[in-house]
Amino acid sequence: MKESMINSIKQEQARKSQELQSQLSQCNNALENSEELLEFATRSLDIKEAEEFSKAARQIKDRVTMASAFRLSLKPKVSDNMTHLMVDFSQERQMLQTLTFLPVPKAPEIDPVECLVADNSVTVAWRMAEEDNKIDHFILEYRKTNFDGLPRVKDERCWEIIDNIKGTEYTLSGLKFDSKYMNFRVRACNKAVAGECSDPVTLETKALNFSLDNSSSHLNLRVEDTYVEWDPTGGKSQENKMKGKENKGRSGTPSPKRTSVGSRPPAVRGSRDRFTGESYTVLGDTVIESGQHYWEVKAQKDCKSYSVGVAYKTLGKFDQLGKTNTSWCIHVNNWLQNTFAAKHNNKVKALDVTVPERIGVFCDFDGGQLSFYDAHSKQLLYSFKTKFTQPLLPGFMVWCGGLSLSTGMQVPSAVRTLQKSENGMTGSASSLNIVTQ
């Protein structure tokens, strides 16, 4: 409205200024046109003969009668008090007097008891301290943090904003819980303005978030963060490079600053040296020492053979997943004949179920349970029950194909619900449920 009134003033000012300028121009033109007549009249005063003077006087009279200057109104179109330059704002004044102003909404209150963190989503619920029927919508703001409370200045993250929420709760879905906590706050809005933010609430969103450890992977595996792919030329190309570097020296001896794979001191069994031989394995880079954790794995359609499971840190560099008493896995083989089996301590349990597109892995370290699920339907594929006596690492084996990994996931609620029934099941073969020391 202010902009509209200012525009009205400017338009009215321009119009009236134009009128005055036009009036002034007309007067100037009339005066210029009268100069010739004034000169003729001046010359007529010098005429001595009466007849000639009378004739000139009649000409002057006729020309004065027809001159434009004498047909102009020289009264200015403005008054002494400038009332002609005033703009009429009576209509706007009436509108302003009839306006009713909305109060600024009060801050909502987030109810932590009603908030839910599950299935890689967070549901935030809030309420108004006082009933306000003028509320039009709410604005939810959130940010991730590793601190139990508001983020520190050095770890400050920008608030993410979700606008135009009509209800008093909202669910954020498809999240990756790569931080331990999330802060939330809410603002109420009416048609005019947004109110103050609610007091921030911190919800725990801790989940196992890990990547693949490229430093320990087999040379025939190409590892990128959460993806591993079989590379048949990996080991040979690495060895050829090392041999080429060794042969460059004149003395034929390798540089003391570089140590080839072949010249490394023998690794102690169980050390975290690079996997070799037929152990096409890569481990996760984060240790599991307690708690319940969940992650998912998806294999490429043309993958010939792969294993998914966990292993102790002491897994030897020649060891294959499931063939030692320090590793547990399920193995899929699509080479020559199709097999799907659970493996531990070189014992195999064939699984009479369809291999799912995505495999979910649930590890309960304290409860001594490792379970595998169809990630989509949450159907149980197999469970190991044991007692873990050392820290665990997620383990993966792949041959001719690739695996993609999804981490930062909380244990699905469906899996938690199935735990009680799983504990009463006897689906795991006793030969595989060995307590390892």
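Leaving aside neighbours within four places in sequence, D225 is in contact (heavy atoms within 4.5 Å) with S211 and L212. D225 sits in the loop between strand 10 (221-224) and strand 11 (227-230). Strands here are DSSP runs of E, at least two residues long, and helices are runs of H or I, at least four long; both are numbered from the N terminus. D225 has a relative accessible area of 48%. This residue therefore counts as partly exposed, the class between buried (under 20%) and exposed (over 50%), with a 1.4 Å probe and protein chains only.

The model is predicted: local features need pLDDT of at least 70 and side-chain atom pairs pLDDT 80 or more, while totals for chains, interfaces and linings use all residues. Residues are numbered from 1 along each chain as its sequence is written, and side-chain values use heavy atoms, without hydrogens and water.

The chain holds five helices and 22 strands. Of its 437 residues, 39% are buried. Among contacts with a separation of 6 or more, 68% join residues 24 or more positions apart.

Strand 19 (residues 369-374) and strand 20 (residues 380-385) run antiparallel and are joined by five bridges. Two strands pair if DSSP finds at least two bridges between them. L370 has F384 as its bridge partner in strand 20. The two strands form a hairpin with five residues between them. In the turn, K378 has a positive phi of about 65°.

L370 also belongs to the largest nonpolar core, which has 47 residues. Such a core is a set of buried Ala, Val, Leu, Ile, Met, Phe, Trp, Tyr and Cys residues joined through side-chain atoms within 4.5 Å. W295, L370, F372, L392 and F396 touch the most other members. Beyond four places in sequence, L392 touches residues including V287, I288, W328 and F365. A second, separate core of 20 residues includes V124, M182, V186 and L203.

The largest pocket contains about 470 Å³ of space. A pocket is an open set of points on a 1 Å grid where a 1.4 Å probe fits, with protein on both sides within 12 Å along at least five of seven lines; lining residues have an atom within 4 Å of a point. The lining has 22 residues, and K206, A207, L208, N209 and H293 lie nearest the centre. Strand 13 (residues 292-299) gives the most to this lining, with three residues.

Key
Points joined across faces, edges and corners; volume = space filled by probe spheres on them.
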